Amino acid sequence: MDIGNRIKNLRLSKNLTQEELGERTDLSKGYISQLERDLSSPSIETLFAILEVLGSTPKDFFDEEERQQKVIYGEEERTFYEDTEKGYRIEWLVPESNEKEMEPVLLQIEAGSCFKQFEPSLSETFAYVLEGSVTVMLGKKAYEAKQHETIYFHAQDEHQIINNNKERATLILVATDSYL
């Protein structure tokens, strides 16, 4: 078992440096580095202290089955939300995607309708127009995207996707820093 690599991956997933992990566990940065490179083995007490700071239980840490990465997601695993008043339907293509770095969704906007308006954020947004066309409002600027065109923007201004046309628009949309 590669304990050091598991500690490192868990630490990185929590966006902690070796120094920050060391400070929170009363261990030195050098010792954390040695653990991660499997040059030292922690005592049970030290390992449990590290796992507590990293938000993991010993069972989760050592469970081999839990370690397997899920790669394929079936249609039956998707969840959706429909706002009939605003005229859109959003379908999350990956369960628990709001816990991941990217959040991919299938977005359908009915003719003459719009997706909700979003406040500025640190997010980046990518979309691909599968059918129809949409207007992307970024602040006070409007951008038109037709079928088979790609949309990409930093969400530093208020933004909204609008369908001013007479047919439904369907997009694959991926946002970082989950804000959908």
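Predicted model: local features only at pLDDT ≥ 70, side-chain atom pairs only at ≥ 80, totals over all residues.

Biologist: What does the secondary structure of the chain come to?

Modeller: The chain has 6 helices and 10 strands.

Biologist: What makes the chain more spread out than a compact globule?

Modeller: The globule rule gives 16 Å for 180 residues, whereas the radius of gyration of the chain is 22 Å, which is well over that value; the chain is therefore more spread out than a compact globule. Along the principal axes, its C-alpha atoms fill a box of roughly 65 × 35 × 25 Å.

Biologist: How much of the chain counts as buried, and what is its accessible surface?

Modeller: Of the 180 residues, 38% count as buried. The accessible surface comes to about 11400 Å², and carbon and sulfur atoms account for 47% of that surface. As for charge, there are 20 positive and 35 negative side chains, with the centres of the two sets 3 Å apart.

Biologist: Why is Glu91 called buried?

Modeller: A residue is called buried when its relative accessible area is under 20%. Glu91 has a value of 12%, so Glu91 is buried. Glu91 lies in strand 2, and that strand is mostly covered, with 4 of its 5 residues buried.

Biologist: Which residues does Glu91 touch, not counting those up to four places away in sequence?

Modeller: They are Arg78, Thr79, Phe80, Pro104, Val105 and Leu106. Among these, Phe80 stands opposite Glu91.

Biologist: How do you know that strand 1 and strand 2 pair?

Modeller: Pairing requires at least two bridges between the strands. Strand 1 (residues 79-83) and strand 2 (residues 88-92) are joined by 5 bridges, so the two strands pair, and they run antiparallel. Their hairpin has 4 residues between the strands, and Gly87 there takes a positive phi near 85 degrees.

Biologist: What joins strand 2 to strand 3?

Modeller: Here too the count is 5 bridges, and the strands run antiparallel. Trp92 stands opposite Val105 in strand 3.

Biologist: Why are strand 4 and strand 7 said to stand at the edges?

Modeller: Both belong to an open sheet of 4 strands in the order 4-9-6-7, with antiparallel pairing. Strand 4 (113-114) and strand 7 (141-146) each have a single partner strand, so one side of each is left without a neighbour in the sheet. For strand 7, 6 bridges join it to strand 6 (residues 133-138), and Leu138 stands opposite Lys141.

Biologist: Which residues of strand 8 form its covered face, and which its uncovered one?

Modeller: In strand 8 (residues 150-154), Ile151 and Phe153 make up the covered face, while Thr150, Tyr152 and His154 make up the uncovered one. In a regular strand, side chains alternate between the two faces of the sheet. Strand 8 pairs with strand 5 (residues 124-131) in the antiparallel sense over 5 bridges, and Thr150 is the bridge partner of Tyr128.

Biologist: How do you know that Ser56 counts as buried?

Modeller: The relative accessibility of Ser56 is 14%, and the cut-off for buried is under 20%, so Ser56 counts as buried. Ser56 is placed in the loop between helix 4 (44-53) and helix 5 (58-62). Leaving aside neighbours within four places in sequence, Ser56 is in contact with Leu10, Leu51 and Phe61.

Conventions: Residues numbered from 1 in each chain as written. Heavy atoms only, no water. Buried < 20%, exposed > 50% of the residue type's maximum accessible area, 1.4 Å probe, protein only. Rg over C-alpha atoms; globule rule 2.2 N^0.38 Å. Areas by Shrake-Rupley, 256 points an atom, 1.4 Å probe, with all protein chains shown as cover. Lys, Arg positive; Asp, Glu negative; His and termini not counted. Charge placed at Lys NZ, Arg CZ, Asp CG, Glu CD. Contact = heavy atoms within 4.5 Å.
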